[in-house]
Amino acid sequence: MKIIIRKMVHYLGNILRFFQLTFLRASGAKIGKNTMISLGAKIDVRRGKISIGDHCLITHGCYILSHDGAAHVINPEDDGTGYVTIGDHVFIGVNTVVMRNVTIGNHAIIGAGSVVNKDIPEGAVAAGNPIKIIKQLEPPYRALPKVIKDVS
């Protein structure tokens with residue numbers, strides 16, 4: 001019985017994620033194939049542009065912001081709109097905030113709880129608040145797993 005309930009919750013989550021991705025795409029976000037965005041992640045597409053590549057994993061509690069509501073206070077010429085570009089095969093850890101006008105390169109890994117306020121190059125492992133590059137991965141890069149193993 002426990003296994004049946006676990007599988008039902010899993011399939012329900014997949015259905016909800018499908019509707020979430022459909023809504024985000026209809027709202028203007030570009031999201032690549034086989035990208036998994038946790039139901040607990042917030043992708044703000046009201047102003048600005050967001051582009052997420054193929055085979056990415058965006059975990060629970062992440063905020064991806066394409067605008068800054070207070071930007072005009074600092075600079076009256078700035079209307080606050082911006083962009084976020086996330087490459088292919090990117091992992092973004094739990095409770096990470098990605099600010100506007102940031103590009104994250106292919107095969108980058110962002111540690112949990114980070115605040116991404118600057119561009120991250122391809123193959124970088126970065127973490128912290130503000131974010132710092134900890135390590136540079138050597139090519140050829142290994143991809144994120146395409147199939148998640150069943151834990152039941």
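Predicted model: local features only at pLDDT ≥ 70, side-chain atom pairs only at ≥ 80, totals over all residues.
Local features are reported where pLDDT is at least 70, and side-chain atom pairs count only at pLDDT 80 or more, while totals for chains, interfaces and linings use all residues. Residues are numbered from 1 along each chain as its sequence is written, and side-chain values use heavy atoms, with hydrogens and water left out.

Secondary structure was taken from DSSP runs numbered from the N terminus, with helices (H or I) of at least four residues and strands (E) of at least two; two strands are treated as paired if DSSP finds at least two bridges between them. Six strands, in the order β2-β5-β8-β11-β13-β14, form an open sheet with mixed pairing. Because β2 (36–37) and β14 (132–136) stand at the edges, each with a single partner strand, one side of each is left without a neighbour in the sheet. Within this sheet, strand β8 (residues 91–92) runs parallel to strand β11 (residues 109–110) and is joined to it by two bridges, with isoleucine 109 in β11 as the bridge partner of phenylalanine 91.

An open sheet of four strands has the order β1-β4-β7-β10, and its pairing is parallel. Here β1 (30–31) and β10 (102–104) are the edge strands, each with a single partner strand, so one side of each lacks a neighbour in the sheet. Two bridges connect β1 with strand β4 (residues 49–52), the two running parallel, and lysine 30 stands opposite serine 51 in β4.

The side chain of serine 114 reaches the backbone oxygen of glycine 111 at 2.7 Å. Leaving aside neighbours within four places in sequence, serine 114 is in contact with residues including Asn95, Thr96, Ala126 and Ile131 (contact meaning heavy atoms within 4.5 Å).

Two salt bridges were found in a search of the whole structure (a side-chain nitrogen of Lys or Arg within 4 Å of a carboxyl oxygen of Asp or Glu). One joins the side chains of arginine 46 and aspartate 44 at 3.4 Å, N to O; arginine 46 is exposed at 71% relative accessibility, whereas aspartate 44 is buried at 11%. A salt bridge also joins the side chains of arginine 100 and aspartate 78 at 2.5 Å, N to O. This pair links distant parts of the chain, 22 residues apart, with arginine 100 in the loop between β9 (97–98) and β10 and aspartate 78 in the loop between α2 (71–74) and β7 (83–86). Arginine 100 is buried, with a relative accessible area of 17%, while aspartate 78 is partly exposed at 21%.

Technical notes: Polar contact = N/O pair within 3.5 Å; in protein donor to acceptor, adjacent residues only side chain to side chain. Buried < 20%, exposed > 50% of the residue type's maximum accessible area, 1.4 Å probe, protein only.
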